[in-house]
Amino acid sequence: MSPESTGQNEHHISVYRRRFRAWRGNRPFWAGLFTMAGGLPIAYFPYADLHLGNMTLAMSTTAGAGSLIIGVLLITLGFTMWFHHIVRVFAGVAAILLALISLPVANIGGFMIGFLLSLIGGALSVSWAPGDPKSAEQAAPAKDLPYEERPEGELQGAAAVPQQQGAGVDPAADAEGGRHRAG
């Protein structure tokens, strides 16, 4: 084993952490997490029982099945945001609509906890856009290049000098002698 090989000296936890970071950076991770976290209280509260001593308080409503469907759909949309990030806009809009529907159907949207989390997750999903690594790589090295090797369209300094146009002839300018009609 040579001292130059750094891959073998890394701990497996740091390798998994770096892989997870790369995976997380290529998709709307937080949008999916917020949406799934919002779906849990919406689905859970209509079926929950709260025990206070000898008294049982049941949160069951007639819309228990509706809130279960909304919660499961929100969790599914969260996974969709993670694993099929191409449809992130559809999943975000659907999450926002389901969060709004959960207000009257599912105990005020899971007592506003699920509503707010799902609404934030849907908004994050709609607003997320994948990064363009090509443009970031091209923009940074161009500044390090010498003046002669820089691309032609790039601004070279604080004040840019306009480029001259080609040798095209303007027939209107030639007919007027290069002057305006008024002058």
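The exercises below work through aromatic rings, an arginine and a threonine, a hairpin and a surface patch in a predicted model.

Residues are numbered from 1 along each chain as its sequence is written, and side-chain values use heavy atoms, with hydrogens and water left out. Since the model is predicted, local features need pLDDT of at least 70 and side-chain atom pairs count only at pLDDT 80 or more, while totals for chains, interfaces and linings use all residues.

**Exercise 1. Classify the ring pair of Phe20 and Phe29, and then the pair of Trp23 and Phe83**.

Step 1. A pair of aromatic rings is described by the distance of the centres and the angle of the planes. Rings of Phe, Tyr and Trp (its six-membered ring) pair if their centres lie within 6.5 Å, and planes under 30 degrees apart count as stacked, over 60 as edge-to-face and the rest as tilted.

Step 2. By this rule the count comes to twelve aromatic pairs. One of them joins Phe20 and Phe29, with 5.6 Å centre to centre and 90 degrees between the planes, and this pair is edge-to-face.

Step 3. For Trp23 and Phe83 the centres are 5.8 Å apart and the planes stand at 50 degrees, so the pair is tilted. Trp23 belongs to helix H1 (residues 12-25) and Phe83 to helix H3 (residues 64-83), so that the pair links parts of the chain 60 residues apart; helices here are DSSP runs of H or I with at least four residues, strands are runs of E with at least two, and both are numbered from the N terminus.

Step 4. Phe20, Trp23, Phe29, Trp30, Phe79, Trp82 and Phe83 form one aromatic cluster.

**Exercise 2. Decide whether Phe20, Phe29, Trp23 and Phe83 are buried or partly exposed**.

Step 1. Buried means under 20% relative accessible area, exposed over 50%, and partly exposed in between (1.4 Å probe, protein chains only).

Step 2. Phe29 has a relative accessible area of 10% and is therefore buried, whereas Phe20, at 38%, counts as partly exposed.

Step 3. Trp23 is partly exposed because its relative accessibility is 26%, and Phe83, with 48%, is partly exposed too.

**Exercise 3. Find which backbone oxygens the side chains of Arg27 and Thr35 reach**.

Step 1. Arg27 is placed in the loop between H1 and helix H2 (29-44), and at 13% relative accessibility Arg27 counts as buried.

Step 2. The Arg27 side chain reaches the backbone oxygen of Trp23 at 2.8 Å and that of Trp82 at 2.6 Å. Each is a polar contact, that is, a pair of N or O atoms within 3.5 Å, where within protein one must be able to donate a hydrogen and the other to accept it, and residues adjacent in sequence count only if both atoms are side-chain atoms.

Step 3. Thr35 is found in helix H2 and is buried, at 0% relative accessibility; its side chain reaches the backbone oxygen of Ala31 at 2.7 Å.

**Exercise 4. Describe how strands S1 and S2 are joined**.

Step 1. Two strands pair if DSSP finds at least two bridges between them. Strand S1 (residues 49-52) and strand S2 (residues 55-58) run antiparallel and are joined by four bridges.

Step 2. Leu50 has Leu57 in S2 as its bridge partner, and His51 has Thr56.

Step 3. The hairpin has two residues between the strands, and Gly53 takes a positive phi near 70 degrees there.
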